[in-house]
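Here is a short report on one chain.

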Amino acid sequence: MTYLAMFHWGWLLGAFLIGFCTGWIAVVYRGRPVSRAWIQRLSVIAVVVVGIAIAKVVPGRFGYWLDLGLALLAFYLVGCAIGSWLRDIVVVRQQARST
C-alpha cells in the first residue's frame with residue numbers, strides 16, 4: 001500500500017478532489033431510500049472484496065489493480081463525505097443569516 005500511495009499520489013489526490021467537488025455540488029435529493037436488503041448485500045460484497053485484497057488472494061497485475069481501485073474508491077468516498085459535510089455547514093450558516 002505504501003508503494004501505491006507513493007507512486008500514485010497524484011491519482012489518489014485527483015480522486016479525492018473529484019469526490020470533494022462531487023460532494024460539494026451534489027444536490028440533496030430525498031427520493032426513495034435504498035432498501036435494507038440492498039444495503040446488506042452491498043455491504044457483504046464490499047467486505048468480501050476488501051477481504052480478498054487484504055488476504056492477497058488475487059495475484060499479480062489484477063491484484064495490483066484491485067488494490068489501486070479500492071484505494072481510489074476510498075479516497076473518492078472520503079472526498080465526497082468531506083465535500084458534502086462542508087457544503088452542509090455553509091448552507092446552514094447562510095440560512096441562519098437570512099432568517
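From the N terminus on, the chain runs α-α-α-α. That comes to 4 helices and 0 strands. Helices (H or I, at least four residues) and strands (E, at least two) are DSSP runs, numbered from the N terminus. The chain has a radius of gyration of 17 Å, well over the 13 Å that the globule rule gives for 99 residues, so it is more spread out than a compact globule. That radius is taken over C-alpha atoms, and the rule is 2.2 Å times the number of residues to the power 0.38.

This is a predicted model: local features need pLDDT of at least 70, side-chain atom pairs count only at pLDDT 80 or more, and totals for chains, interfaces and linings use all residues. Residues are numbered from 1 along each chain as its sequence is written, and side-chain values use heavy atoms, with hydrogens and water left out.

**Overall shape**

The C-alpha trace spans about 60 × 35 × 15 Å along its principal axes. Of the 99 residues, 14% count as buried. Buried means under 20% relative accessible area, exposed over 50%, and partly exposed in between (1.4 Å probe, protein chains only). Take contacts (heavy atoms within 4.5 Å). Among those between residues at least 6 apart in sequence, 76% join residues at least 24 apart.

**Helix α4**

Does the span of α4 agree with its 39 residues, or disagree? At 1.5 Å a residue, residues 60-98 should span 57 Å, and the end C-alpha atoms are 57 Å apart, which agrees. The expected span is 1.5 Å times one less than the number of residues.

Buried residues in α4 are G63, D67, L68, A71, G79, C80 and G83. They pack against α1 (2-7), α2 (9-25) and α3 (36-55).

The axes of α2 and α4 come within 6 Å and cross at roughly 35°. Axes are lines fitted to C-alpha atoms, for helices over the stretch in contact, with angles from 0 to 180 degrees between N-to-C directions. The residues of this contact divide into 17 nonpolar, 6 polar and 1 charged. Ala, Val, Leu, Ile, Met, Phe, Trp, Tyr, Cys and Pro count as nonpolar, Asp, Glu, Lys and Arg as charged, and the others, Gly among them, as polar.

V27 and G14 are 13 residues apart in sequence and 22 Å apart in space, C-alpha to C-alpha. K56 has a positive phi of about 55°, although it is not a glycine. Most residues other than glycine have a negative phi.
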